[in-house]
Amino acid sequence: MIANYLVDERCTSLTQNVNHQLLDRELAADDPWLLDGNPFERKRHTQMLQLALAQGSISNALEVGCAAGAFTEKLAPYCQGLTVIDVVAQAIARARQRINEPSRINWIVSDVQQFSTDELFDLIVVAEVLYYLGDIAEMRAAVKNLVRVLAPGGHLIFGSARDANCRRWGHAAGAEPVIAMLNETLTEVERLECRGESVNEDCLLVRFRNPISAS
């Protein structure tokens, strides 16, 4: 059992290193993942913002995985306070250069599983991020950590390519398994589908609410 555990740990570490290297290379492009230039990505961000603003005013938000700041730039003006985390330091650096409201944003280089804070957020946005984790267990740990910092009555916006596409790309899982995990604790409020011209341009966007009432 100990030997198998050590092998699993090495495999997970290797997967994370490969994913971090991949993200670093992709972030070197002028428009990583075509988040600004691709009509599908612009539509996806519009829908994400629609879901984020559905609850009304946002006092304290958390964005998990900022890439180069394309969505951060859209979300920030609506937030009294915003914390942005990304596991890749280069992503944080590029997003900070793009955003002109530094006083309202707290930038943190952190893995979603290890992110720790005493703050509670009334909005959490985590999109196209969790499938980069090594396996289902890591995804579940990340979900548990995010739910922990979601305020009573707060909303979580989750977005991801569908499971079939993610598995075809070599990831452990996509949208559907994570949505099922989130539904174990949170209440699904709204679901949108975003599709583009390519078979790869197909994602699910879901808004959840923390049903726990403040005591």
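The model is predicted, so local features need pLDDT of at least 70 and side-chain atom pairs count only at pLDDT 80 or more, whereas totals for chains, interfaces and linings use all residues. Residues are numbered from 1 along each chain as its sequence is written, and side-chain values use heavy atoms, with hydrogens and water left out.

**Whole chain.** Begin by showing the protein chain as a cartoon, where you will find seven helices and seven strands; helices (H or I, at least four residues) and strands (E, at least two) are DSSP runs, numbered from the N terminus. If you follow the chain from the N terminus, the elements come in the order α-α-β-α-β-α-β-β-α-β-α-α-β-β. Of the 215 residues, 49% are buried, where buried means under 20% relative accessible area, exposed over 50%, and partly exposed in between (1.4 Å probe, protein chains only).

**Strand 2.** Next select residues 82–86, which form strand 2; five of its five residues are buried, so this strand is largely enclosed by the rest of the structure. Turn the view to look at each face of strand 2, and you will see Leu82, Val84 and Asp86 on one side, with Thr83 and Ile85 on the other, all of them buried.

**Its neighbours.** To get from strand 1 to strand 2, the chain passes through helix 3 (residues 70–75), in a β-α-β crossover that is right-handed, meaning that, with the strands pointing away from the viewer, the path from the first strand over the helix to the second runs clockwise. Then select strand 3 (residues 105–109), which pairs with strand 2 in the parallel sense over five bridges, and look for valine 109, the bridge partner of aspartate 86.

**Aspartate 202.** Finally, move to strand 7 (residues 202–209) and select aspartate 202 in it, a buried residue with a relative accessible area of 12%. Show the side chain of arginine 162 as well, since a polar contact of 2.8 Å joins it to the side chain of aspartate 202; a polar contact is a pair of N or O atoms within 3.5 Å, and within protein one must be able to donate a hydrogen and the other to accept it, while residues adjacent in sequence count only if both atoms are side-chain atoms. Leaving aside residues up to four places away in sequence, aspartate 202 touches Phe40, Ala161, Arg162, Asn165, Cys194 and Arg195, with contact meaning heavy atoms within 4.5 Å.

Note on methods
Two strands pair if DSSP finds at least two bridges between them.
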